[in-house]
There are 2 protein chains.
Amino acid sequence: MAATKANPIVFFDIASKVGPWSPNTWKTRLALIYKRIPYRVEYVSYPDIEPTFKRFGVLPTSDNAPQYTLPMIADPSSDPSKGPTYIANSFKIALYLDDKYPSPDYPTLFPPGTRALQRVFIERVSSLILLMAPTMLPLVGQPGFLDDRGEEYYRRTRQAKFGKSLEQLAEEGHQTWGKVQESWETFGRLLESDTTGPFVMGTRISYADLVLVAAFGWIKRADGW
Amino acid sequence: MAATKANPIVFFDIASKVGPWSPNTWKTRLALIYKRIPYRVEYVSYPDIEPTFKRFGVLPTSDNAPQYTLPMIADPSSDPSKGPTYIANSFKIALYLDDKYPSPDYPTLFPPGTRALQRVFIERVSSLILLMAPTMLPLVGQPGFLDDRGEEYYRRTRQAKFGKSLEQLAEEGHQTWGKVQESWETFGRLLESDTTGPFVMGTRISYADLVLVAAFGWIKRADGW
């Protein structure tokens with residue numbers, strides 16, 4: 001029924017030379033760790049992400065480019081005649097894991113009734129991350145960060161998407177960094193509405209905390225590897 | 001200690017000819033109703049809001065104009081030698097009411113751990129409301145909606161704030177209404193993350209629901225009085 005050490009969940013992460021780094025895949029990695037579900041990692045180079053989805057028959061995660069994005073998991077079936085269940089998109093994976101691996105056997109990511117509230121919270125964090133894109137994308141694309149094939153693919157596709165080189169994007173990032181800081185400070189003040197503990201939900205960890213840690217880890221890794 | 005029928009909370013709402021209408025004061029009215037706390041209403045005409053705050057020694061609710069905004073409540077003290085506690089700003093009032101009038105004696109607005117999540121949720125709803133301002137403000141300012149002194153004050157101060165008449169603002173509203181609809185649809189899809197019940201938190205009512213009802217009530221009142 002459930003993943004075991006001998007038959008773990010396969011977690012697809014993005015290949016790099018610096019270890020796991022993506023804020024989106026970190027959300028899933030942290031969810032698996034927090035829920036103590038056995039998993040093994042398969043690293044996929046950027047140009048291989050779309051073929052990997054297609055090989056497993058998994059639908060695109062977005063209508064817009066990039067259409068195929070990690071994280072993805074393969075949850076093994078207990079029936080040997082059946083293949084694993086594939087889930088892509090970090091939020092869908094988190095919901096799936098909480099449904100399939102519920103409390104009290106596994107720690108809960110979404111305390112009862114908080115799924116919609118946390119979904120709105122995640123969108124808010126995503127808007128903060130989007131504002132950092134001009135600064136962060138050039139750091140991910142810098143030489144020696146991704147694997148060689150990934151680096152070439154990343155620089156080429158991002159240049160096409162933004163209509164400018166990553167170096168030109170970085171210049172934009174310098175100019176907008178003040179806004180980034182301001183927007184995080186505003187967000188921080190909203191979180192101060194709860195004074196009962198260190199976590200978003202006060203004294204208990206929830207998926208919202210993992211989303212923040214994933215974002216902070218990304219900044220740290222990209223800036224200081 | 002607590003407000004009673006004989007010594008109720010005084011709830012300051014905005015005067016009008018059409019009954020209570022403001023989305024912000026409705027949040028507090030609904031919170032008082034939901035928590036079943038005895039209250040009586042005092043209606044204040046727009047030009048009298050600032051003098052009312054000053055008379056009671058209550059600090060402004062905002063650094064920017066309008067600096068003094070309703071709702072405000074006066075929670076009576078059980079000590080006859082002491083004056084009531086004044087609280088302004090709908091979210092601060094809601095937190096105060098949940099702290100001062102806690103469960104199990106009174107229904108809870110913020111289930112444990114959800115204050116920060118709900119704060120982020122409310123900011124999201126506020127951004128939806130802001131997008132509707134060009135449509136809604138002219139409806140509030142239309143003849144016969146507010147009391148006469150309030151109407152004159154409202155039209156004059158809003159014209160100064162936006163640098164255009166309410167009629168010109170309404171024209172802008174016609175052009176942006178498509179965006180309003182789109183933004184509510186996007187928001188609705190986020191709420192579908194919870195499928196366990198009709199409320200934002202699934203099977204239980206929370207402050208988030210009252211905030212939505214207050215917004216919908218405003219639209220209905222301003223459009224169809």
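Helix α6 (residues 148-162) of chain B packs against helix α7 (residues 166-191) of chain B at an angle of about 60°, and the two axes are 9 Å apart. Helices here are DSSP runs of H or I with at least four residues, strands are runs of E with at least two, and both are numbered from the N terminus. An axis is a line fitted to C-alpha atoms, for helices over the stretch in contact, and angles run from 0 to 180 degrees between N-to-C directions. The angle makes α6(B) oblique to α7(B). On this scale, under 35 degrees is roughly parallel, over 145 roughly antiparallel, 65 to 115 roughly perpendicular, and the rest oblique.

This is a predicted model, where local features need pLDDT of at least 70, side-chain atom pairs count only at pLDDT 80 or more, and totals for chains, interfaces and linings use all residues. Residues are numbered from 1 along each chain as its sequence is written, chains are lettered from A and ligands numbered from 1 in the order in which they are written, and side-chain values use heavy atoms, with hydrogens and water left out.

Which residues of α6(B) and α7(B) meet? From α6(B) come Y154(B), R155(B), R158(B) and F162(B); from α7(B) come L166(B), E167(B) and L169(B). Contact means heavy atoms within 4.5 Å. The residues of this contact divide into four nonpolar, no polar and three charged. Nonpolar covers Ala, Val, Leu, Ile, Met, Phe, Trp, Tyr, Cys and Pro; charged covers Asp, Glu, Lys and Arg; the others, Gly among them, are polar.

Now turn to chain A. The axes of helix α6 (residues 148-162) of chain A and helix α7 (residues 166-191) of chain A come within 9 Å and cross at roughly 60°. That makes α6(A) oblique to α7(A). Y154(A), R155(A), R158(A) and F162(A) in α6(A) touch L166(A), E167(A) and L169(A) in α7(A).

Next, the interface. In chain B, 21 residues contact 21 residues of chain A. The chains bury about 1900 Å² between them, and carbon and sulfur atoms give 72% of that area. Buried area is the accessible area (1.4 Å probe) that two parts lose on being put together, summed over both. Two salt bridges are counted between chain B and chain A. A salt bridge has a side-chain nitrogen of Lys or Arg within 4 Å of a carboxyl oxygen of Asp or Glu. E123(A) pairs this way with R124(B), with the closest N and O atoms 2.7 Å apart.

Over all chains, the count comes to 24 salt bridges. Inside chain A, R29(A) and D13(A) form one, at 2.8 Å from N to O. R29(A) sits in helix α1 (residues 23-35) of chain A and D13(A) in strand β1 (residues 9-14) of chain A, so the pair ties together parts that are 16 residues apart in sequence.

Finally, the backbone. Most residues other than glycine have a negative phi, and most peptide bonds are trans. The L70(A) to P71(A) bond is cis, with omega near 15°. P71(A) lies in the loop between α2 (49-56) and β3 (72-75) of chain A. In chain B, the bond from S103(B) to P104(B) is cis, with omega near 10°. N89(A) is not a glycine, yet has a positive phi of about 90°. N89(A) belongs to the loop between β4 (85-88) and α3 (90-100) of chain A.
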